[in-house]
Structures are given as C-alpha cells and as structure tokens.
Amino acid sequence: MQMETERILLRYWRKEDAEALFKYASDPDIGPHAGWTPHESVEESIEIIQTYFNNGTTWAIVLKETDEPIGCICYYTHEMSNIPMGKNDCEVGYWVAKPYWNRGICTEALKLLLDYCLHIKHFDNIWADYFTGNPISGRVLRKCGFEDTELLNPNSLLMGGSKGMVKVFKYNAATPATK
C-alpha cells in the first residue's frame, strides 16, 4: 500500500531503510518530542523496523527527490491508543526529520493518511495527540482539520521518550483542511 503526492511517497518500511532511519531517529530533538528515545545504532533501527513498523499501519515518509525516508506516519486502533475512543476509531501519529521541519511535509503526509483512514478503512473518528512541549505538532493537526478537545492525557503507552502530558485532538471531517 502506497500513497503519494507530487513530492512525497508513503510506503511501508524496509530493512534497507535502517541507515536513513538511524540518521534521523538518533537526533535527540526528534524522539522525545514524539514519545520515544533516540535510536542508538543502526541495529536498533533495524529492530524497530522489524518489530514496530512491520504492521500494515506504519509508513515511511519518503522524499521523492532523494528516495530517502525522512519520517514516519501511522495509525493505531483503539486497542493500542492511550485515548479513550470507540472501537471503529483510530489515532494517528507522525514525525519528520529536523532538516525537513517547517516545509509542510507532515501536513502533506497527514492529509494522505486522513484520506486513507476515512475512505479506505472507514474509521468513524480520527484522534491524535501531541506532547504539550511540542506545539508545532498541534499546528499540523489544526491545518488538517483537527480540533482541540481540551483534554489532557497522561501518555503511558510509549516506550521511553517523554513521560509528559499530551493534548488530545479529534478530526472534524466537516472542517476543510487549510493549506
């Protein structure tokens, strides 16, 4: 399963992506903002790809210009989410490497995933959260039509990374996404 725009491709992770994943996921400014510890080796990145990303719900964000994975986007079903949600709901999450921040890549990737979640998976509601210390992630959510629920949640399901509170957002399909 692939999704694409003119400049990015969402595709499943491959073992050979481990070096690129390590290059970006070892950055201490990436993982803790997304709720996980920075990767310490290429071998750890291989393990992450094989154990956590090999699930049919996680895609590499690939910059077409370079054919390199520069981030990750996924959805979680209600069983895996820290957000109390319905059985036919999902939660989305994403990150992009620091050299690609503020270029609209997360917004572009999230719009692709929203389309997939609504029109292919037919989820009733789509949720997201972000750590309160990472308001840029909230800006991406707002650009894509998510609304702040005013709920704060402890994030207890992540392995390492930030243990802080997250702000919970819910997608409103009636609100058109902005550019």
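This is a predicted model: local features need pLDDT of at least 70, side-chain atom pairs count only at pLDDT 80 or more; totals for chains, interfaces and linings use all residues.
Let me begin with helix α3, residues 42-53, in which Ser-45, Ile-48, Ile-49 and Phe-53 are buried, where buried means under 20% relative accessible area, exposed means over 50%, and partly exposed is in between, with a 1.4 Å probe and protein chains only. These residues cover an arc of only 100° around the axis, and therefore they sit on the same side of α3; the arc is taken from the directions that run from the helix axis to the C-beta atoms. Among the parts that cover the buried residues of α3 are α1, β3 and β4, and contact here means heavy atoms within 4.5 Å.

Residues are numbered from 1 along each chain as its sequence is written, and side-chain values use heavy atoms, with hydrogens and water left out.

Now to the sheet. It is an open sheet of 8 strands with mixed pairing, and the order of the strands is β1-β2-β3-β4-β5-β6-β8-β7; two strands pair if DSSP finds at least two bridges between them. The edge strands, each of which pairs on one side only, are β1 (3-4) and β7 (146-154). If you follow β7, you will find that it pairs with β8, residues 165-171, in the antiparallel sense over 7 bridges, and that Leu-152 stands opposite Lys-167 in β8. As a general point, strands of a sheet pair through backbone hydrogen bonds, either parallel or antiparallel.

Which strands does helix α1 touch as it packs on the sheet? Helix α1, residues 18-25, touches β4 (68-77) and β5 (89-96), and its direction makes about 85° with that of β4. Helix α4, residues 105-119, also packs on the sheet, touching β1, β2, β3, β4, β5, β6, β7 and β8, and its direction makes about 160° with that of β5. For these angles, axes are lines fitted to C-alpha atoms, for helices over the stretch in contact, and the angles run from 0 to 180 degrees between N-to-C directions.

Next comes the nonpolar core. The largest one has 49 residues, and those with the most contacts inside it are Leu-10, Ile-73, Tyr-75, Val-92, Leu-110, Leu-113 and Phe-146; such a core is a set of buried Ala, Val, Leu, Ile, Met, Phe, Trp, Tyr and Cys residues joined through side-chain atoms within 4.5 Å. Helix α4 gives the largest share of this core, 9 residues. If we leave aside neighbours within four places in sequence, the contacts of Leu-10 include Met-1, Trp-59, Ile-73 and Leu-112.

Let me turn to charged side chains, where the count comes to 7 salt bridges, a salt bridge being a side-chain nitrogen of Lys or Arg within 4 Å of a carboxyl oxygen of Asp or Glu. In one of them, Lys-64 pairs with Glu-4, with the closest N and O atoms 2.5 Å apart. Because Lys-64 lies in the loop between β3 and β4 and Glu-4 lies in strand β1, this pair ties together parts that are 60 residues apart in sequence. Lys-64 is partly exposed at 33% relative accessible area, and Glu-4 is partly exposed at 48%.

Asp-27, Asp-29 and Lys-98 are linked in a network of salt bridges.

Finally, please look at Gly-138 in helix α5, which counts as buried at 0% relative accessibility. Leaving aside neighbours within four places in sequence, Gly-138 is in contact with Tyr-130 and Phe-169.

Note on methods. Helices (H or I, at least four residues) and strands (E, at least two) are DSSP runs, numbered from the N terminus.
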